[in-house]
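Have the sequence and the 3D view ready, and we will take the terms in turn.

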Amino acid sequence: MNKLQPLWEAIRRFWRNKHITKILLLLLSTVLLLSILFFAFIAATANVESLKEGLKQSTVIYDKDGEVASRLATNRSDGVAIDELPDYVKNAVVAIEDERFYKHNGFDAKGIARAFFRNLFAGRITGGGSTITQQLTKNALLSSEKTYKRKIEELFLAVEIEKKYKKDEILQMYLNQVYFGSGAWGIDQAANKYFNKHVQELTISESALLAGLLQAPSALDPFRNYDRAIERRNVVLGKMKEHAMISEEEYKKAVSEKIQLNEGKGSFIERKYPYYVDAVLDEAINQYGLTQEEIFTRGYRVYTEMDQNVQSGLERVYETNSLFPRGRNGVLVQSGAVLLDPKSGGVRGLVGGRGSYVFRGFNRATHIKAQPGSTLKPLAVYTPALEEGYTPTSMLKDEPMSFNQYTPENASRKFSGEVSMYKAVEESLNVPAVWLLDQIGLEKGLDSLKRFGIPLEKEDEYLGIALGGMRKGISPLILAEAYSAFPNGGKRNDAHLITKIVGPTGNIIAERKKETVKVTSKTTANQMTSMLLNVVESGTGKGTKINGVQLAGKTGSTQLPYKDINGTKDQWFVGYTPNLVGAVWLGYDKTDREHYLSSSSSQTVVPLFKSIMESSIPYMEQADFSTKSVNEKLAQKEFKEELEQTIKKSADKIREELPVWKEKLNEGVQELEQFGQFLKEKWSNIRNQ
């Protein structure tokens, strides 16, 4: 320690003599001043005077060509004027959201200090400290990201807003655009949604309940969490009493009031292509961290991969009831379908159900998890087998066999003894697929599925995965993405709807980052396509054949859990052209002994898929695969062999007859020589005469 003392003293002298402390303080002050000037400049140049109009903007959904496809609009009008509201309605919101609203100039120093230390101890931004003006700023002008930069921007902009608008104007804008849950934007819509009355008719207790919902609209939804909503109402009433906004008597009466919910209409959400738009909302929320409320209130521009012609055609197919099996006991047979571009992974069209539609309800194109049946065979078995050196003409075993008490069966209950791979694919035979997976090794099949993007559970790791035996299952979106690797040269691009989201001021809120996975080689992908072309030409999917169109595909179905009933639980078809992949699921939402698919795939999902492709292909650029079907290859091979045989036979015949022709030729030559000699003699006689 004594040895370091001289060094320490030297550092102290240097620090003192060079005024390092003063320099650091000066640098810190300069950075702080520049930061303040920067944020002040941003706030001063922001067009806060357009705030009112900005709050009315709809979020617009654009298609792949940049054309407007849909608008996310609710029936939020200008709302109610602040002087039309009872004082206790305004006071309830102010008491719980910003008790010093009428005293501060846009930000509350005490609130910010409390929030700062709370966030400091938490080690992250947990929220809090925002005034009503700041919340309005965030909802109208900023993103919802929880960073200190965004909080500082929010603070400076709030000050600018307070300069431009009066307090009651700010409160009016806030009350008319804030989200109260259950699809209700604005205080008037909330009153209608929860109590089926106008906001002027609300009681103190009802006003406090609505104000309490602003903290967490979904978690405090009184239709689902009545007790929690009442607890929060009581907190609001306590705050109102604390700030002398209501008397002791009014407080006691309001706390004891039994809230009677009476559901009204709330907000009507209007948009075109509802299932596609719902999937866009899901992606924006789950992948890009936006909230439903800000999407509906910010006036974003969301650019997507939608092809409106494809989407419209798909919706028309789903409106044609004759294409679907008749439901039993008034229950519809449901379905979901996805169409995507294999080169980009962009979803061109999507429909998630039939019948009545529920806003952001169950979307069978993206949400469903159903066992995919035989559609998994090319992914789990045949692709890895081709990678291991098998060929489409390799012979596979097709006979009764068991694998550790697992005994697969062909749907026909018949066996051929031995069958070529392409025939096993074409006829969707089960036993050869399981046998082949056992031969190449289960691990290779599981690895292949992971490369194709198929999510697996621990329970899925058995030979039954060859036939699509999964604990949870997959959606049409996941299946379409997996099959997109075949027409795309073995490469799989992540399926997506959104390309980018642009804010109201032109800033990019979110943008897709391309993700490409090399699943298999181009050679293997082409071999698989050759066999799947056979499925459509002469196999289980021949009902999807469209004249003049190269279409490859695979059927799939899952068994009923009831041995005494002949039918299926789920039916699938996944198919593709060189530039469009489609996957469709068909079945009941809940299968039981009364509700199941009694018709075969060839009578239901196969013609449905054909109609889907027929509605879409006219809008796709025509292209051909770089390979042919196994059928065509074999036919060409047979023709070549026949031609070669003919040539060989002709050559053999020529060789056999060559001595005869040679002898005849010699005889002809001798005859010519004799004739020539005759002419010569005649000429000599003539000259001598």
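Q: Which residues have the most contacts inside the largest nonpolar core?

A: They are Leu379 and Tyr382, in a core of 113 residues. A nonpolar core is a set of buried Ala, Val, Leu, Ile, Met, Phe, Trp, Tyr and Cys residues joined through side-chain atoms within 4.5 Å. Keep in mind that this is a predicted model, where local features need pLDDT of at least 70, side-chain atom pairs count only at pLDDT 80 or more, and totals for chains, interfaces and linings use all residues. Residues are numbered from 1 along each chain as its sequence is written, and side-chain values use heavy atoms, with hydrogens and water left out.

Q: What does Tyr382 touch, not counting residues up to four places away in sequence?

A: Contact means heavy atoms within 4.5 Å. Among the residues Tyr382 touches are Lys377, Leu396, Met421 and Met528. Apart from that core lies another, of 46 residues, including Val178 and Leu213.

Q: Why is Glu97 called buried?

A: Buried means under 20% relative accessible area, exposed over 50%, and partly exposed in between (1.4 Å probe, protein chains only). Glu97 has a relative accessible area of 15%, so it is buried.

Q: Why is helix α4 called roughly perpendicular to α8?

A: Helices are DSSP runs (H or I, at least four residues), numbered from the N terminus. Axes are lines fitted to C-alpha atoms, for helices over the stretch in contact, and angles run from 0 to 180 degrees between N-to-C directions. The axes of α4 (residues 87–97) and α8 (residues 167–177) come within 12 Å and cross at roughly 90 degrees. That makes α4 roughly perpendicular to α8, because angles of 65 to 115 degrees count as such (under 35 is roughly parallel, over 145 roughly antiparallel, the rest oblique).

Q: How do you know that α10 is largely enclosed by the rest of the structure?

A: In helix α10 (residues 204–213), 10 of the 10 residues are buried, so the helix is largely enclosed. Its buried residues pack against α4, α9 (187–195), α11 (226–242) and α12 (248–256).

Technical notes:
Helices (H or I, at least four residues) and strands (E, at least two) are DSSP runs, numbered from the N terminus.
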